[in-house]
Amino acid sequence: VNGGWTSWGAWSSCDSKTGKKKRVRNCKSPSPLNGGAQCPGNSQDVASCQLVKLQADSAILSSTYPGCPATNCINGNTGDLCHTNQEKYPWLALDLGKSVTVSSVTIYNRDDGNRQDCCGQRLQDLEIRISDNLPTTPATESFKGGSKLGFFEGPGKNGEVIEMFSKPLAGRYVVLMNNSKGRHGADFLNLVK
């Protein structure tokens, strides 16, 4: 009996690193028996796909350092800075407006342009979570909602661009939290974008 293909399975999510998606089928409808031929062709089908770059509708900080509101992280101006006060677990939440699938996050660390910025190294122990809920805990407690997309140990450098990739995760909010567990006392969280 010659082998026959099953129907194609569903397409995978678009891989953020390769820009490809795939689907598979199996040679078991029926499986080859008694010297029968294997199924002709490939068991895997790969196609190009395009990821959509998302822009946050709004942003919220756990606290706000004077003159550095959360909206500075989503206004597109790389000269602006969003900045918390010193807290044990400072966080920034980006609201995507509805639950979407996220497979990568790009973070732009603070940079001075021409000001000889001091503090790019503050970006460390950064946990990125995708969640349908905002952090409701005060910044004295770690936020554990949703799913962890990645972790940046740091310390960061002025102007550094950090890209995090993961399996696709669904949620409305991208939550970036300094999760140093207070080992530095209190920390700031300050980013450009």
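Colleague: Is C73 buried or exposed?

Modeller: C73 is buried, at a relative accessible area of 6%. Buried means under 20% relative accessible area, exposed over 50%, and partly exposed in between, with a 1.4 Å probe and protein chains only. Before going on: this is a predicted model, where local features need pLDDT of at least 70 and side-chain atom pairs count only at pLDDT 80 or more, while totals for chains, interfaces and linings use all residues. Residues are numbered from 1 along each chain as its sequence is written, and side-chain values use heavy atoms, with hydrogens and water left out.

Colleague: Which cysteine is joined to C73?

Modeller: C82, through a disulfide with an S to S distance of 1.9 Å. A disulfide here is a pair of cysteine sulfur atoms within 2.5 Å. C82 is buried as well, with a relative accessible area of 1%.

Colleague: What is the handedness of the C73 and C82 disulfide?

Modeller: Left-handed, because the torsion about the S-S bond is about -60 degrees. C68 is in no disulfide; the nearest cysteine sulfur belongs to C82 and is 8.3 Å away. C68 is buried, at 13% relative accessible area.

Colleague: How many disulfides does the count come to?

Modeller: Two, by that rule. Another disulfide joins C27 to C39, S to S 2.1 Å. The C27 and C39 link is right-handed, with 85 degrees about the S-S bond. C27 and C39 are twelve residues apart, each in the loop between β1 and β2. Both C27 and C39 are buried.

Colleague: What about phi of N34?

Modeller: Phi of N34 is near 50 degrees, a positive value in a residue other than glycine. Most residues other than glycine have a negative phi, and most peptide bonds are trans. N34 lies in the loop between β1 and β2 and counts as exposed, at 80% relative accessibility. D125 has a positive phi too, near 55 degrees. D125 is in the loop between β5 (91-108) and β6 (126-131), but counts as buried at 3% relative accessibility.

Colleague: New topic. What is the strand order of the open sheet?

Modeller: The five strands run β3-β5-β8-β6-β7, with antiparallel pairing. Two strands pair if DSSP finds at least two bridges between them. β3 (58-61) and β7 stand at the edges with a single partner strand each, so one side of each has no neighbour in the sheet.

Colleague: How many bridges pair β3 and β5?

Modeller: Four, in the antiparallel sense. L61 stands opposite L92 in β5.

Colleague: Where is confidence lowest and highest?

Modeller: Strand β9 (residues 190-191) is lowest, at a mean of 76, and β6 is highest, at 92. The protein chain averages a pLDDT of 83, and 90% of the residues score at least 70. pLDDT is the predictor's confidence in each residue, from 0 to 100.

How values were computed. Helix = DSSP H or I, 4+ residues; strand = E, 2+ residues; numbered from the N terminus.
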